[in-house]
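Here are some notes for a first look at this model. Please read them with the structure open.

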Amino acid sequence: MTTAAIIVAAGRGQRAGGGTPKQWRHLAGRRVADWTIDRFRGQVDHIVLVLSKEDAPAWEEFESADLILAEGGSDRAGSVRSGLSALNGMNVTRVLIHDVARPCVSTEIIDAVLAALDNFPGAAPGLAVTDALWTASDTMVTGTQDRSGLHAAQTPQGFHYDAIVAAHTAHPGGSADDVEVARAAGLDVCIVPGDTDNLKITRPEDFARAERILGTDMDVRLGNGYDVHRFGDGDHVILCGIKVPHNRSLQGHSDADVGMHAVTDAIYGALAQGDIGQHFPPSDPQWKGAASEIFLRHAVELAGQMGYRISNVDCTLVCEYPKVGPHAAAMQTEMAKIMELRQDQISVKATTSERLGFTGRAEGIASIATACLVKS
Ligand SMILES: Nc1ccn([C@@H]2O[C@H](COP(=O)(O)OP(=O)(O)OP(=O)(O)O)[C@@H](O)[C@H]2O)c(=O)n1
Ligand SMILES: C[C@](O)(CO)[C@H](O)COP(=O)(O)O
């Protein structure tokens, strides 16, 4: 069984105001779209992100990520059709269609929709209406609507892939959601319990509510790392994965990448999982001369296994020479690649120690790093 999620993110968010489409605005430190995409990572085999062609920077940014990109349509249904087409030929059996504007969706809701698809061709979260419903003309109540059997529809709405493709192909347009499209094609759709927290950010005041929900959920961990390697004979050093020409080399059991070691220890520290020496003992000959990216990859994987994503790392190298500035961008790019993060999540900077102490006497290089991890 192959499962995909389509996140429709091509809307302009006009009711939310604010100038920038709501999916690119920030909530509790991250963009709405980043929260939403992360909710589906690890839950499905493929994620399709449907973008407006007006959002050029997003196309560039997400192109290198583990996402399939598709171009949005003139309305939500058009964007969904585009997302479905992007999955053509990929042997997808089940698809979840979700609004990017619902960043607080829970794992429980996603699991419930997927479980219901074992028995039905369609399933979606709904909330039984609890308020009385009025009909109105302008500001005047004109009547009361019977609310029995009424539900507020949420996403993700899940379907058997071939069935929803056929349903969308046959539909004349103008649907409120994919459940309406599915039902018009005769598909049964099961309602699973929705959640009031799974709100769709629609109006300006919804941002504060979504931020409260995401903020309460947040489990943020900080870790620090510190490392020192002494200079010996040689003609280069490896710093944060980059070979930098120098008249000395750093000595160590591995490749002595003092910067990467500090970052790795900061991640282990945030997880309360010891340090590099514990995971890769220097007494073990297999790590002699090892590339430090092995250690960093391990720490990143461990974070993922424990349910944390790395929000950012900041690394400071302390040395008089070599000068780090000209190489800092390459170091950030390299560590971002290894850690599967964006470059703006990695900071590499340097300072001298004003010729004081062992770094000032050029006996070695020290490095300190901080990592911030957030429970996904
Ligand atoms: N042409 C469109 C229109 C909407 N959507 C997506 O459909 C979802 C639900 O739509 P809505 O909340 O109405 O979002 P917007 O269309 O962006 O908002 P507005 O109607 O206020 O402009 C959103 O994730 C939105 O990005 C889309 O992908 N393509
Ligand atoms: C699909 C949906 O989220 C179900 O509630 C909703 O219909 C989409 O938003 P819109 O405001 O109706 O465009």
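1. Start with K22. One of its polar side-chain atoms lies 2.9 Å from an oxygen atom of ligand 1. That is a polar contact, meaning a pair of N or O atoms within 3.5 Å. R15 also reaches the ligand: an N or O atom of its side chain is 2.8 Å from an oxygen atom of ligand 1. At A9 the backbone takes part, with a polar atom 3.5 Å from a ligand oxygen.

2. How much of ligand 1 does the protein cover? On its own, ligand 1 has 560 Å² of accessible area, and the protein covers 86% of that. Accessible areas come from the Shrake-Rupley method with a 1.4 Å probe.

3. A word on the basis. The model is predicted, so local features need pLDDT of at least 70 and side-chain atom pairs pLDDT 80 or more, while totals for chains, interfaces and linings use all residues. Side-chain values use heavy atoms, without hydrogens or water; residues are numbered from 1 along each chain as its sequence is written, with chains lettered from A and ligands numbered from 1 in written order.

4. Now the shell around ligand 1. There are 18 residues around the ligand, and V8, G13, Q14, R15 and S79 come nearest. Near means that a heavy atom of the residue lies within 4 Å. The shell divides into five nonpolar, six polar and seven charged residues. Here Asp, Glu, Lys and Arg count as charged; Ala, Val, Leu, Ile, Met, Phe, Trp, Tyr, Cys and Pro as nonpolar; the others, Gly among them, as polar.

5. Look next at the sheet. Five strands form an open, mixed sheet in the order β16-β13-β19-β17-β18. Strands are DSSP runs of at least two residues (E), and helices of at least four (H or I), numbered from the N terminus. Its edge strands, β16 (249-250) and β18 (346-351), each pair on one side only. Pairing requires at least two DSSP bridges. β17 (residues 308-318) and β18 are parallel, over six bridges. L317 has A350 in β18 as its bridge partner.

6. Check two cis peptide bonds. One joins T155 and P156, with omega about 15°; P156 is in the loop between β10 (151-153) and β11 (157-160). Another joins Y321 and P322, with omega about 0°. P322 lies in the loop between β17 and α11 (328-339).

7. Finally, inspect N91. Its phi is positive, about 55°, although N91 is not a glycine. N91 sits in the loop between α3 and β6 (94-99).

Methods. Polar contact = N/O pair within 3.5 Å; in protein donor to acceptor, adjacent residues only side chain to side chain.
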